[in-house]
Amino acid sequence: MIYRNISRNDFSQFKELINSKFSYDHFCSFLKNILNENHIIIVLEMNNNIIGSGTILIEEKLTYGGCKMGHLENIIINKKYRGKGYGEKLIKELLRICKEKKCYRVDLNCNKELEKFYEKNNMNFESISMNIIFKENFN
């Protein structure tokens, strides 16, 4: 089992894992133009198969003396591997990276049914997350 940054070679497996529609060109453009030291996609690979993935966004703050804040997004484990501890291991790795990058805090939004999973992984309920969805902009 290894953790690594996503690469172009991951297109098919990653697309299947996240169950989304995008072209290879869009995927490659995203990797080249969007991902950077503050926007990272980590894949969890076992036996040359991607079984999980998570995204880290690091926000540079002016508050708190210019600290960094991490955001975890799109935490996904392949359905065949759920309930076997891989989600916990992925969260630990993502948090390790955030700590290494000097984030003072890491936030994550999740569905109510995932709350206990994240609490078990040392995440605390701190606030209510609000959002608005512009359906005309959703692909």
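Met69 has Arg105 as its bridge partner in β5. The chain passes from β4 through helix α3 (residues 86-100) to β5, and this β-α-β crossover is right-handed; that is, with the strands pointing away from the viewer, the path from the first strand over the helix to the second runs clockwise. Strands β4 (residues 68-77) and β5 (residues 103-108) run parallel and are joined by five bridges. Two strands pair if DSSP finds at least two bridges between them. Helices (H or I, at least four residues) and strands (E, at least two) are DSSP runs, numbered from the N terminus.

This is a predicted model, in which local features need pLDDT of at least 70, side-chain atom pairs count only at pLDDT 80 or more, and totals for chains, interfaces and linings use all residues. Residues are numbered from 1 along each chain as its sequence is written, and side-chain values use heavy atoms, with hydrogens and water left out.

The structure holds zero disulfides (pairs of cysteine sulfur atoms within 2.5 Å). Cys103 is in none; its nearest cysteine sulfur, that of Cys98, is 4.6 Å away.

Burial is tabulated next. Buried means under 20% relative accessible area, exposed over 50%, partly exposed in between (1.4 Å probe, protein chains only).

| Residue | Relative accessibility and class |
|---|---|
| Cys28 | 8%, buried |
| Cys103 | 14%, buried |
| His39 | 17%, buried |

His39 lies in strand β2 (residues 39-46). Beyond its neighbours within four places in sequence, His39 is in contact (heavy atoms within 4.5 Å) with Phe30, Ile34, Thr55, Ile56 and Leu57. His39 counts as buried because its relative accessibility is 17%.
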